[in-house]
Amino acid sequence: MSALRSDALLAWAMLRGSPRSERWRLALTGLGAALGTGFALAAAVVAVIGTRYGGGPPSYTNGLLNEGGLRPGVITALLLLIVPVLAFVGQCTRIGALQRERRFAALRLAGATPRQVRRIGALETAAACGVGSLAGLTGFLALRLVLHAGQQAGGGDGGPQQRALTWPTDVPVPWAAFLAVVLGLPLLATLEAWFTLRRAATDPLGAAVRRRRPRRFRRVRLLPGPLALLAATGLLLMAMSRKLGPDTPFFAATGLVLPLYLFGLLTSSAGMAAAMGRLASRSGRPALMIAGKRLRADPWAASRAHTAVMLAALIGVGYLTVRRVALDALRAEPEHHPDLAFYVGGYNLAGLALLIGVAVTISGLAVSVAESLTARRRTLAALAAAGTPRKVLRRAVLLETALPLAPAIVLSAACGLAVTGPFLVARAWSARPLLEAALLAGGLLAASLLATAASLPLLRYSVHPAQLRYE
Amino acid sequence: MSTGNVLLGLLAAGPGHGYDLKRRHDERFPEARPLAYGQVYTSLQRLVRDGLAEVDATESDGGPERTTYRLTERGSLTLRTWLGEPVPPAPVSAANEIFAKVTAIIASGFGDPAAFLRLQRAAHLARMRELTAVKTVAGAPLSAVLSADYALTHLDADLRWMDNAAQRLGALAEEVTSA
Amino acid sequence: MTTPLIEARGLVKRYGTTDALRGASLRLLPGEVLAVTGPSGSGKSTLLHCMAGIVRPDEGEVRYGAERLDQAGENRRSTLRRTDFGVVFQFGQLVGELTALDNVALPLLLAGTSRAAAHKSAGTWLERFGVLGQAGLRPGEMSGGQGQRVALARAMVTAPKAVFADEPTGALDSLAGEQVMTALVHAARESGTSVLLVTHDAQIAAYADREATVRDGVVETEDEPAAEVTR
């Protein structure tokens, strides 16, 4: 225990002297923890609606909360929102990675065992996530109070119990679940840090001395991606050719095809980045060449940064198609579906969740571009010092995002369409889902480029000649 | 650098007799070879002859007679001129005995030039260790430190030259034997 | 003959396809300052890393008393660095986020010494090396010479048996280097600490009692130990 205490004191001493990048990393990590906590708390509240902890029979304006059979879906959606948050936090941990490695090496050189270094690193994460989690809890409770007050005020003379509420603020706070979330989330993050630090904490000579060789890009690694995509498409076509009733093929296919597509997309993103890099570096235009060389040198960086965006494209297109087809079908026979508004509300809520997820994803992309600009400042400064105009560098940074991301988004959107293909074909065919998918893909790409552009002001610091001085 | 010029510099600090000047010199330049009294005496005679110094006083309080000397106007001017001129950068390598020996070893075939260079390195380092000890002793006067530094830097230059030479012995041997 | 404090025999270390060491043997005697010189890339730093237990050789053995450092585990070698050995490198051995005082106290803190006691010893050593005035500064806020003297204080704070110094003056001008070397050698002699000093600079090597030269991964020459280590 005293060892833990002295490690904690050391971690605190280091935090006080840490550079700005480190504070950013911890602040953003905390923000991620706060967001994740918020989603988990919301899921907990929905989970207790209608149970004996839930304060009376549910009666809300939103049907999704009233129907006992639909609430698990809402809970799942809320919990799934934690996935982009995790991706975001993952991007944040890369901020200042070199600096951190150097610090750990120095600690090891002073006689810290690998275990001690890991413990110190994990403690930092624990502190940041703990504070973030508490902030998330405070924010959630505050929001709940505000919403509650608003609903009370709007309730008028009828009394709050008679009127259907928009937000389930009448549910008593499930403290046990809240406690579990607020303690559990930082605990999970700390365990995660403990495991990922396993490699970082071993070498006392650190990055400065160790000869670093960039991981070689092996062509064999290109194979599984396209193979999985092909297999998924094949399966899908097979399922569609056998007309086994309207629902069976769709569900059977998605159960297998969706994971295959996911796997295929994730494993082919690095290959795509490398391929685009090869194409671009052959061009004679400087910005393209710089972006291309960089993509070829480290296609993994691009794939890491773009994975979440690809997922967003896949799920987003899938969602849009399902929504369009389903709502069109309902609207075609209004007399059989008097509860159309209920379905629309449900789909809109899911859309909102998706939008939040996309926003978090795009923020993660902005963080990763900012991180890469600061991490590569020596290279960028050298390019600038050798006479590369800043305009070219700016363009190169934008291209570095756009080149691999554009085909990746198109491919992901195509996969999203394909997964929902059986559904589309089974119902009346129309071009609108295609148009919507194209719009979404375009929007995602535009948002990604905007996020990249938002990080560009950092380039001014990165290309300063002072960055070339020996560190 | 003539002893005469050095004496002019010492006299500039104030009049003194021969033994006085020798003591001043040996104190200020502890790492230099001590001045012989006879050398001081003849140099003073020459300075007086050339009108650069003159007798200040002759005294003998009981003991042997002592002559004190002081700087003349002309002596002061000569000193000024000498101090204003840069020291010619001497072509040290012309008298490089180490180089001569290495070449001779190759030409004669007597011994191994590399082994000789290692021996020389050990000797140089031993001397450098002594000088380092002199200058790092607690409370060493700055004059001792600076003259030790001067010697150390020169020995270091020799060592660097020897390192270069050791790496190029093969090519040197070819050149020497083919000539 | 004196029993060596640390003895390396037939060390081989490969990095990728290059051989940093190809059968290097060296003895570090108790209380001596031993200079290891040689051209850059000759393997002298790797030899130091192996003898300090920072790196494990691929072949050969490193004996520290009855212990085989080449076989010792990561934890044992880490512990040795905060009890028996100190290290001073050209740069990078100080934690940039910590103040000079915390940096010097670091090995003690890592060993579980109380904060007050660790800071007290650290202060004593900072004063000893003339950098107590910089106790509250971080490495980036000090001059190179001050930083290296803080590093020396850190290496000495545990009263180590041996200090491993790899080009400790490499990034300093000659006057600052002189101060650092004088401080190191005096402190080591006073406490009977052995110093393994890697340098390419003969003027720095002249602070040592003995010299060993390394070329192409082997120890080419090693001075005979003096009959007794002076002072």
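Trainee: How much area do chain C and chain A bury between them?
Mentor: This is a predicted model. Of the area buried between chain C and chain A, 64% lies on carbon and sulfur atoms. The total for the two chains is about 2,300 Å².

Trainee: Which three residues supply more of the area that chain C buries against chain A than any other three?
Mentor: Look at the chain C side. Together the three supply 27% of the area that chain C buries there. They are C:Arg81, C:Glu97 and C:Leu110.

Trainee: Which residue of chain C meets A:Arg108 in a salt bridge?
Mentor: The rule finds two salt bridges across this interface. A nitrogen must lie within 4 Å of a carboxyl oxygen. Here the N to O distance is 2.4 Å, so the pair qualifies. The partner of A:Arg108 is C:Glu74.

Trainee: Which helices of chain C each supply at least two residues of the side that touches chain A?
Mentor: That side has 13 nonpolar, eight polar and eight charged residues. One helix spans 74-81 and another spans 100-110. They are α2 and α3.

Trainee: How many residues has the largest nonpolar core?
Mentor: Nonpolar side chains tend to be buried together in soluble globular proteins. A:Leu107 and C:Leu106 are among the residues with the most contacts inside this core. A second, separate core has 35 residues, including A:Phe178. The largest has 78 residues.

Technical notes
Residues numbered from 1 in each chain as written. Chains lettered and ligands numbered in written order. Predicted model: local features only at pLDDT ≥ 70, side-chain atom pairs only at ≥ 80, totals over all residues. Heavy atoms only, no water. Buried area = accessible area lost by both parts, 1.4 Å probe. Salt bridge = Lys/Arg side-chain N within 4 Å of Asp/Glu carboxyl O. Helix = DSSP H or I, 4+ residues; strand = E, 2+ residues; numbered from the N terminus. Nonpolar A, V, L, I, M, F, W, Y, C, P; charged D, E, K, R; others polar. Core = buried A, V, L, I, M, F, W, Y, C linked by side-chain atoms within 4.5 Å. Buried < 20%, exposed > 50% of the residue type's maximum accessible area, 1.4 Å probe, protein only.
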